[in-house]
Structures are given as structure tokens and as C-alpha cells.
There are 2 protein chains.
Amino acid sequence: MSLKSRFVGTAKRQMKQTLRPVLQRAMAPARTEIPASYWGLEREPSQGLTLEGVPLKELVERWGSPLHVVHLAALRRNAERFQAVPPGCTAGCEVFYSYKTNPVPGVLSVLHGMGVGAEIISAYELWLALKLGVPADRIVYNGPVKSEASVREAISQGIQLLAANHAEELGSFARIAAEVGKRPRVAVRVSTDSGWAAQFGTPIAGGAALRAYAQARASANLDVVGLHAHRGATIRTEGEFTGFVEAVLAFTDTLHLELGLDLEVLDLGGSLCTPSVEHIAERDWRLNLTFFRDVPAPDPAQALGISRYVSLAVEMVESHYARQGRQRPRIFLEPGRAMTGDTQLLLGRVHTLKSGEDRTWAVLDMGVNHAECVRNEYHQLFHVDRPDAPASRVYTVVGPICTPGDTLYHAKRLPDLVPGDTLAIMDAGAYFVPFATSFSYPQPAIIALEEDGTDRLLRRAETFEDQVALDAVDPVQVNRAQQNKTEAA
Amino acid sequence: MSLKSRFVGTAKRQMKQTLRPVLQRAMAPARTEIPASYWGLEREPSQGLTLEGVPLKELVERWGSPLHVVHLAALRRNAERFQAVPPGCTAGCEVFYSYKTNPVPGVLSVLHGMGVGAEIISAYELWLALKLGVPADRIVYNGPVKSEASVREAISQGIQLLAANHAEELGSFARIAAEVGKRPRVAVRVSTDSGWAAQFGTPIAGGAALRAYAQARASANLDVVGLHAHRGATIRTEGEFTGFVEAVLAFTDTLHLELGLDLEVLDLGGSLCTPSVEHIAERDWRLNLTFFRDVPAPDPAQALGISRYVSLAVEMVESHYARQGRQRPRIFLEPGRAMTGDTQLLLGRVHTLKSGEDRTWAVLDMGVNHAECVRNEYHQLFHVDRPDAPASRVYTVVGPICTPGDTLYHAKRLPDLVPGDTLAIMDAGAYFVPFATSFSYPQPAIIALEEDGTDRLLRRAETFEDQVALDAVDPVQVNRAQQNKTEAA
């Protein structure tokens, strides 16, 4: 590096360092953290953060670090809110949990025990739902890739709803249905002008969705009972949800008028937010990176909550159909992040600290290998041991895998850290587990914490042996076995 | 959506569609694909693409889809090039493969069988290296997170080199060494002005690295024999490498002058590119997204190759030390992507096609769950069954997991596809396996293909049962077991 470029680099660095405290104050966000009480956490001076009376620190000592903790009371509360009948309505919604969001059998079983069904998108998820004892009529099968064998199984079992992601799927559904000799309950997934399109759904605009319905109804092998729509893009406001539902309802009128089709099932998909999680805006991210300005925390009270969301769904559908003097269809919801996002937290420890010129790096035993979402979403971070200590020092919080991409928080004010301190990343119940990798480190255990403070293991931590359990560790022997097999054949 | 915004949307779409063919021609990249022969693939009219005489299509039929195929001849060729003594030199380099890049025991064993050592960054990787029978003196331990137990094991075993990522690690090395009663061979990781810094290494600039060496040498428990430097940012040109080596060599002079330290080991790390893979530039990515302009293919012949890289390393170090009349240190290299990147390919199948207004979506049975890197790197894609058919149609190639983020190729010209067609993603031997997830789908098998066309299984495909093997599928029973354990205690 030339002297000149080194000089420019130093000048830039010094300017940043000078501007940082000024900009941090001048541009300070209104809200920089969400209080621990939001999640039912309590601050006990001698024990640090506790949940259901149990010090979180104790859980890591007992079960190892890192550790996922499922808060069962929060999970049950969310499920109850989704299943409640809104005041003044005759019935509520039927709820199918989006398996892909947090496919932990111990979590799924709790939901199923409360009557929540399974929303699945793969052959594996169908297998898992059946293995967990979910009745076939509590399973909805979506997604762009459904293996032949899984469609056959779904039809044989008589699942609640088989949704054609795109018109091309209808042909194979009809063929397999004829072979099985059963008439599956089918929906067509449509896409509205807002939200996801691309590989998902058949557009209402331009008439493609209507043509798909006409095609579906022309097949004697398919029982076309439903419509499936999933916004995809996160729903945080009433307007985002009502705009979406209005577009869907308008299309149900088209189906009635054009095809004489009255739907039995209206599946409004998922996409409702976790109130305490929000995508970090590009500008906020850059200000944090350059000037260590705190990332603004979302205000959970401003987000559309579960109860209001369910009320809106039921009221909009009921009033729409009441105006037309027709019976309202059953309403299906497929929550993912809104159901489990804020019901799980990830505990980990500070492994080492590295002092730098303008900050300290806190290197944790957990990184993007276990918490990929933290790279671009706001997730509250708590110091478990000393939650009341002033957050006076700026840390760059990174994980253990050897890449600069393994950065969880670029510039985060925290109490003074020492190696061994326990930290809690909140809202780890959506897309943490499915996006986890075994990159250089085994995956953590998952435990459930009951309201009475008892805990139980849902998934044990991966061991080193597990990481190579599928491998032929001595390839020479495998080669011989393969040859023997070939010779014997 | 309002009529106005719908109109604007339609107008934009139509403009894009009109401009696309014009821009595709006017801005066509000079190079849009790398020939199959580059990887030793052959085009057989009746069999499609073959490798070592074996039709790739047959491999998927035999082993299932998706499927990783390790090309052993290519792997051995790369390892030989790294270990060769450059013409005119007295010795070459000692090579330690970066485990995290492709931690497949069957691949690692081949490399170890050729004398390549292990570069590890975690307790798991130390365990794996020892399990695979790597001699302790062929192990280098790097990275910012080293568990206490693994440092103890490394020192007890007497590994070749224990590198302190940052000065703070030296204290714990010394303490554990005193407890074990052995004096480990230690290096300090330094960072130069180019390449990675952040949580990695101690900066040469400002004197921090020199102070870390003084600190290390002050400990009677540490045998300070080496220097570790790893550029991090990919090395594609001679200039990128020579600039980095010059900065490192200048610092070795400082160590000699200031501390009287003559290094036994100079570890230059990794970071050499895979010639046929290149990060996709933002502009190229946007042009592809908006106007379906082909993504430019890198020219492998323009990239710094292994042999030239090794020659440069040896020549630069030898001549630097010769000029000073001092003996040159041993040179360690830690290749990752350059060693295995182009020695593995990922086969998968077209599951379904979805027609859209301006393109067709090809939905594969493999996506970012198995091939995360394809999101931002150029990876050649081949039609395995009809490699010679004209690539006349534009597809958006997506995977099976239900998110728009599961897009492998935004706009890719391919021969006409039909469901069941086999595709090959090239250069899957770096960071595909470690970044793989079990998101809704099990992970694929990995096989090795020998030069005589025989194949053998390195890692079997994950099964549905494997995906919940660590789970308490009936949480009620686990709860009871846990209670019994507690009561018994």
C-alpha cells in the first residue's frame, strides 16, 4: 500500500472517529432497545435475567452453550390468539403452522396439541406431520416443489388441502388422483399485485388465475374447494393486510361470477410480522457501520398484533360475504414468524475479546451459523449476567466461523464484557433453526421452559460424531464395499 | 393497488421487455460461458455430458438427486500443483488444507493421503483431523475461537503450529501450556493493510503486531516459531498476491531487527481463487435482473493459477532472504477454494416449470439450501442431457424452498427444459457443503468419481429420519425422563 493511500486511509479513519460521538447524539434514534419485560424477562440483581423464575445463565450452565430456549407460555399465548373467535363474530380462523419457519418437533407438538394444523411445503414436512400424528384433515400442502410420491401420499391420506402453486401442477395432481382413485381437495395459489409473485402462485392480473381455476374445475379428479394466497412480504400494518385481503376477496367474486364457484376454503396464508423484529433499513445499517449510530429498535406496539390481525381477517371476510348474501368460507391462516418468532431465544457466551483501534470485537460461540437472520433484522440483544449495567462501550459482535460475514452486530453498545459472559439474542423462533448450518461448529441444543420453571430437552446438541455420521470416514473400505456390491449384483 | 400504479407498473414492464433484446445484443459480454472441456467434461451426443467416460445423468439415476460429485483426478491434480517444487527452487511449500472450505472426510482423506496437512479453526475440526489420522505435526490451528479443551488437546498432541488470532489469546496459550507441561510451537496472526482485518489478526500498522510478538516471546511457555498471515479477500491477480507477500516480508525484517527473531515458519494463509468462479459485480447483477443480459463469465486463463502462485511465493521468499544472507523460513500455504473449488460439481433436476409473462421459472430440486454461493458468484451451469442444444430460452432458475431468496440464476439462457432434465452446477467444492442447510429438504449425497470411471459413496444422503434424529419427537416422554433424572439425582 502506498504512503499516499495509507495517509488517506488514516485521515478517513480519524474523521469517522471524530464525527462518531457527534453524530451518535445528533442522529440518535428515538428508540434503541425493547425492554426485557416485553418478553416476560425479569431483572434480578443477583441472578441476572430470569424467565419463569429461572436465571437464563443457569440454563446455559446446565445444558451447554449456545442454547435455544423455547418459552412455552409465549408459544401457547400466540397459538391461543390465533385461534380465538374475535368478539362479535360467529367463528374464527383455522390455523396451520408454517413448518418451515421452525421445524422443531417439540415445538410443533405443542401447537398440534392445541389444535393447530400443519402447513407444509415438502415431502419431508409431510412425513414429519404424519409422524407427529397430525390428522390428514389438519394438513395443507403448498410450495412449488412437491415430489410425485408425496402428492400420492397426500391424496391417499386425504389431506385437508392440496394447493397448486402454478397451473402446471394441476395436470400431475389430476393424473395421480386418478391413479390413487381419490378426489383431493384442491386450491389454486394466486398472486396479487402486492407481495410475492415470481415462482409463487398464478397472477390474478391478466386472467391467469381465472384460467387456472377453469382448468382445475374441468378435471373430474379434482375437488376444487379452495383458494390459497400468501402475501410473502411481511405484514406489519393494517393497510398491508387489508389491501391484500381486498384483492383476494375481489377475485373470489370473479370466481363466483365467471365460474359459478363458491369457495369452501379461503386460505389467506401467513406473513404476519414478529412485532419486536424488523428488517434493518439500508440507511440505518450504513449509519451503524460507519458512525456506530445505534440501530433503531422497532416499536412492537405499533405493529399489527395477532388478535387484531385475526379480527380483521374474520370481519373483512364476513362483511364481504354478508353484503352479497352468501355464506362466508372457512378462513385458513398459515402463520410462521408471528406464531413462533418471539417465543424462542438463543443464549451464547463471549468467548474472547479483541481490542482494536476504535472498538472492541466480542467474539461469541454463536454466529451466523446459528443466527443468520440477525445479519439483516433487528433482534434485541441482552446481557444476561448484568442486564442493569450501563451499556457504555461499543462492541462489534461476531461469531466463531472464520469470515467477516460472521458479524451479528456491527456496532452495539453493551455493558463492559468479559469472556464467559452470557448474552441472549431475542426472537430466535423464526428462521434461525432452518437456516442453521454445521459450519465448523456443531448445532446447539433446543430446550423448552415451562411456566413452572421446569425445563426439558427438545433437541440435543449435535456432537462431533453427528457431524460425520453420514460419512464413510475411511473411504478405502467403502470403495471395497461398493466393489463387492457391484460384483455381487 | 390503484389503477394509476397498476398502469405505471405495466408501462415499466413493457419498456423492460422492449429494451431487453436490444440491450442484450448491445451490451453482450465478451464471454458468457466456460467450455465444458475446462473441467474435463465431454459431450457425447447420445449420453449428454460425461466425466471420466461416465454420463453424469447415470450418476443421478444411480445415487439420487441432488448429488455432489467429487472429481478425484482434478483434486489430485490441484494437490500436486500446490506441493510441487517450482523449477529452479530448492524446495516448495508445505500445504495445509483449509478444513472449513469443504469438510468432507472422504475429500480430506484423499488430500491427507498425498501429504497435505490440516488447517483447522475449531475444536470440531481438530477432532476430525485427529480422527482421520492426520499426524499432529501436520496440523495448523487458526481462528478467533479456540475452546480451552481444544487448545489443551492441541498442545498435548504437539501440533505443528498454534496461531494466536489476537494478542489476547497468548495469555491463555501460555497458561494452558504451563498446565500441560509442553511448549507449543506458536505463531501470531498479523493483518496487513490489504485484506481482512476486523476480528482477524493483529495489525502490523501502528505496531500492534510487533508488541504481540514481544509479549509472546516474553513467555517461557511459548515457542514462538512462526508468523501467520491470511489475506482473506480473494487473490485473483499476481499483484494482489505479491503486494500481500511484500508487506509480510517487510514485517519479518522488522521482527529480525527489533526482536532478533528469525522465523522458522512463514504461513501465508490461503485466499487463492478458483479460476472459473468470480464474484458477480453489482452492475452485472442488476443488468441481468432487469434486462436479462447474460452474466459475464470469468476467463480462467486470466486468473492466477496454482503453479504460478506457488512459484511466486517461493521465489519472493527465497530472493528476499537470499538478499539478506539469511536462511529462508519454511513456507506454509493454506489453500481452500483453490484446492477443492473446481473439483466438485452439484447435479440436480428440473422439478417443474412455471410459465410467466416474460420468462419461465425452472424450479429445481436444489436451491440455496445446497448451493448458497451461487447467489453471488458466477458458477457455470450445464444442461447435462442436451449440452449441445442451443441455449435459446431465458429461465429464472430457482430452488425448492419457499422464499424468493431461493433464486440461483435470475435470467439464464438454457436449452428448452422439460421436467426431469438434469443440470450441473460447476465448482461446488468450496463453501457449498459447509453453508448447506436442512431447510425443508434433506441434504444430498456426496460421491467420488475415480479416473477409471468407478464411483464410491463419501457421504450418504440425509434421510427424513436423520433430520429429526436428535429430537425428542414425543416431548411428553422426554419430560418424564428428565423428571426421573432429576428425582434420581
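Visitor: Where in chain B is the place of B:D452?

Guide: In this predicted model, B:D452 sits in the loop that runs between β22 (445-449) and β23 (455-459) of chain B.

Visitor: How are the two chains related, and what rotation superposes chain B on chain A?

Guide: One looks for the rotation and shift that bring one copy onto the other. Here chain B is superposed on chain A by a rotation of 180 degrees with 0.0 Å of shift along the axis, at an RMSD of 0.0 Å. The two copies are therefore related as by a two-fold rotation axis. In chain B, the C-alpha nearest that axis belongs to B:T437, at 2.7 Å from it. The same surface serves both copies, in that 99% of the contact residues of chain B recur in chain A.

Visitor: Which domains does UniProt place on chain A, and what is their helix and strand content?

Guide: A record supplies the boundaries, and the model supplies the content of the span. The unreviewed UniProt entry places "domain: Orn/DAP/Arg decarboxylase 2 N-terminal" at residues 76-340 of chain A, a span that is 43% helix and 15% strand, with its end C-alpha atoms 10 Å apart. The feature "domain: Orn/DAP/Arg decarboxylase 2 C-terminal", again from an unreviewed entry, is placed by UniProt at residues 342-429 of chain A; over those residues the chain is 5% helix and 45% strand, and the end C-alpha atoms are 6 Å apart.

Visitor: At which residue does UniProt place the feature "active site", and what does that residue touch?

Guide: The unreviewed UniProt entry places "active site" at A:C402, and in the model A:C402 is found in the loop between β19 (393-398) and β20 (407-414) of chain A. Because a residue under 20% relative accessible area is called buried, A:C402, at 6%, counts as buried. Leaving aside residues up to four places away in sequence, A:C402 touches B:K100, B:I121, B:G143, B:P144, B:W196 and B:F200.

Visitor: What is the volume of the second largest pocket, and which elements supply its lining?

Guide: A pocket is described by its volume and by the residues around it. The second largest pocket has a volume of about 1,300 Å³; of the 42 residues that line it, those closest to its centre are A:A197, A:A198, B:R13, B:E357 and B:W361. At least two lining residues come from each of β10 (202-203) and α8 (208-217) of chain A, and from each of α1 (3-26), α10 (282-291), β15 (344-355), β19 (393-398) and β20 (407-414) of chain B. The element that gives the most to this lining is α1(B), with 7 residues. By class, the lining of the second largest pocket divides into 13 nonpolar, 18 polar and 11 charged residues.

Visitor: How many cavities of 30 Å³ or more does the structure hold, and which residues line the largest cavity?

Guide: The structure holds 2 cavities of 30 Å³ or more, and the largest cavity has a volume of about 40 Å³. Its lining consists of A:T274, A:V277, A:R337, A:G341, A:E377, A:H379, A:D427 and A:A430, which by class are 2 nonpolar, 3 polar and 3 charged residues.

Visitor: What is the phi of A:D427, and what is the phi of A:Y431?

Guide: Most residues other than glycine have a negative phi. A:D427 has a positive phi near 60 degrees, and A:Y431 has a positive phi near 70 degrees. A:D427 lies in the loop between β21 (422-425) and β22 (445-449) of chain A, and the place of A:Y431 is in the loop between β21 and β22 of chain A. A:D427 is buried, with a relative accessible area of 2%, and A:Y431 is buried at 15%.

Visitor: What is the omega of the peptide bond that joins A:S65 and A:P66?

Guide: Most peptide bonds are trans. The bond joining A:S65 and A:P66 is cis, with omega at about -5 degrees, and A:P66 is placed in the loop between α2 (56-63) and β4 (67-71) of chain A. In chain B, the peptide bond from B:S65 to B:P66 is cis, with omega near -5 degrees, and B:P66 is in the loop between α2 (56-63) and β4 (67-71) of that chain.

Technical notes: Residues are numbered from 1 along each chain as its sequence is written. Chains are lettered from A and ligands numbered from 1 in the order in which they are written. This is a predicted model: local features need pLDDT of at least 70, side-chain atom pairs count only at pLDDT 80 or more; totals for chains, interfaces and linings use all residues. Side-chain values use heavy atoms; hydrogens and water are left out. UniProt positions are given in the numbering used here, feature names are shortened, and annotations may be inferred rather than shown by experiment. Helices (H or I, at least four residues) and strands (E, at least two) are DSSP runs, numbered from the N terminus. On a 1 Å grid over the protein atoms alone, a cavity is a set of points where a 1.4 Å probe fits but cannot get out, and a pocket is an open set with protein on both sides within 12 Å along at least five of seven lines; lining residues have an atom within 4 Å of a point. Grid points are joined across faces, edges and corners, and a volume is the space filled by probe spheres set on the points. Ala, Val, Leu, Ile, Met, Phe, Trp, Tyr, Cys and Pro count as nonpolar, Asp, Glu, Lys and Arg as charged, and the others, Gly among them, as polar. Copies are superposed by least squares on the C-alpha atoms of residues with pLDDT of at least 70 in both. Contact means heavy atoms within 4.5 Å. Buried means under 20% relative accessible area, exposed over 50%, partly exposed in between (1.4 Å probe, protein chains only).
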